[in-house]
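Notebook open, structure loaded. I'm jotting things down as I look them up.

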Amino acid sequence: MNKIDLGHIDLNLLVTFEVLMREGSVTRAAEELGRTQSAISHSLARLRDQLGDPLLVKAGGKMSPTPYALKLMEDIVPILRSIQHVIAPPAPFDPATSTRLFRIAFPDNSRAFLTGIYARVQREAPGVAVEWITPNSEMLPLVAGGHIDICELAGAAPLPDGIEAYQGQPYTWMTYLRKDHPAIKDWGPAAWEKWPHVKVAVDTKNISPVDDVMRTDGLKRRVGAKIPNFASLGPLLANTNFLATLPPITVVDVIDEFDLVALKPPVEIAPMPFRFLWSFRLSNDPGSRWFRNLVIETFSTLQRKAEERLTARWLERAMAKGLEQTAGGL
């Protein structure tokens with residue numbers, strides 16, 4: 001069997017060949033392809049030279065295919081259709097009819113975020129399922145491989161290849177405690193050191209800026225409890241003398257339910273950057289893009305509202321007590 005070097009075959013020549021075979025005319029083929037007749041004739045000449053067959057010959061005032069051309073046409077048409085199918089742009093994603101499964105890796109740091117995602121998915125895509133995965137230090141390879149559609153990663157550590165990122169609004173900090181906590185009366189660095197703190201240990205190996213306070217300010221923050229998630233934070237603060245310093249979105253859902261107070265930390269704590277991450281492989285997938293936008297929009301809106309609400313509450317309390325609106329002012 002003779003072999004053809006595919007590296008020397010121009011796919012466009014085969015497209016031209018198919019149209020010529022179908023139309024049987026250089027003029028009509030040129031019109032369909034939007035090219036000049038001389039360009040079509042040149043393409044046919046090149047293909048004849050590369051395949052070693054005249055393909056189409058003039059006979060009786062028209063172009064007639066050779067036996068080789070007829071066999072080639074029979075084989076090449078399904079191949080060209082297959083190529084068209086393979087390289088066609090992704091089909092539009094219709095949330096209303098989709099039954100896809102999406103995976104999200106986020107800490108359980110907001111009940112409103114979790115329920116907001118599921119509620120919006122049910123409204124827009126009732127057949128879609130969402131699997132919520134607890135983030136950990138081993139999730140980035142899963143994200144890069146497209147096994148997780150979107151995740152959240154705090155900090156600014158370098159990312160492995162194959163991951164795209166969207167920078168979220170950095171986390172800011174407030175300290176939470178029960179409304180009759182003794183620390184409220186003399187809130188300041190001394191109280192920060194005196195009373196034990198709760199630390200939520202999300203397994204992503206990130207160092208929180210709250211932990212940096214001990215190194216930069218020389219304070220000895222005493223961690224009295226480490227808990228694996230945010231679910232028990234509200235009742236724990238309401239029934240103990242623990243303090244917790246966290247972003248507003250993590251506590252805003254439970255602050256009224258458990259009669260907690262939000263204070264500005266008595267020390268400066270740097271905002272913490274965080275990113276939404278997804279696989280480069282999923283960047284142009286319409287379904288993944290829809291889900292990413294849904295997640296980012298929902299979280300960003302809740303984060304902004306939480307910061308506005310708790311900052312306003314702190315300012316009201318500070319003004320009522322005639323205190324300065326500075327860190328540690330209350």
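This is a predicted model: local features need pLDDT of at least 70, side-chain atom pairs count only at pLDDT 80 or more; totals for chains, interfaces and linings use all residues.

Looked up T16 to start: it is buried, with a relative accessible area of 3% (buried means under 20%, exposed over 50%, partly exposed in between; 1.4 Å probe, protein chains only). T16 sits in helix α1, residues 11-23 (helices are DSSP runs of H or I, at least four residues, and strands are runs of E, at least two, numbered from the N terminus). Skipping neighbours within four places in sequence, I find T16 in contact with L33, R35, I40 and S43 (contact: heavy atoms within 4.5 Å).

Residues are numbered from 1 along each chain as its sequence is written, and side-chain values use heavy atoms, with hydrogens and water left out.

Next, the cores (sets of buried Ala, Val, Leu, Ile, Met, Phe, Trp, Tyr and Cys residues joined through side-chain atoms within 4.5 Å). The largest nonpolar core has 60 residues, and Y176, L233 and F291 touch the most other members. Helix α10 (286-320) gives the most to this core, nine residues. A second, separate core has 21 residues, including L14, F17, A30 and L80.

Last, a sheet. I see three strands in an open, antiparallel sheet, ordered β10-β7-β11 (strands pair if DSSP finds at least two bridges between them). β10 (244-246) and β11 (260-263) are the edge strands. Three bridges join β7 (174-178) to β10, and T175 has T245 as its bridge partner in β10.
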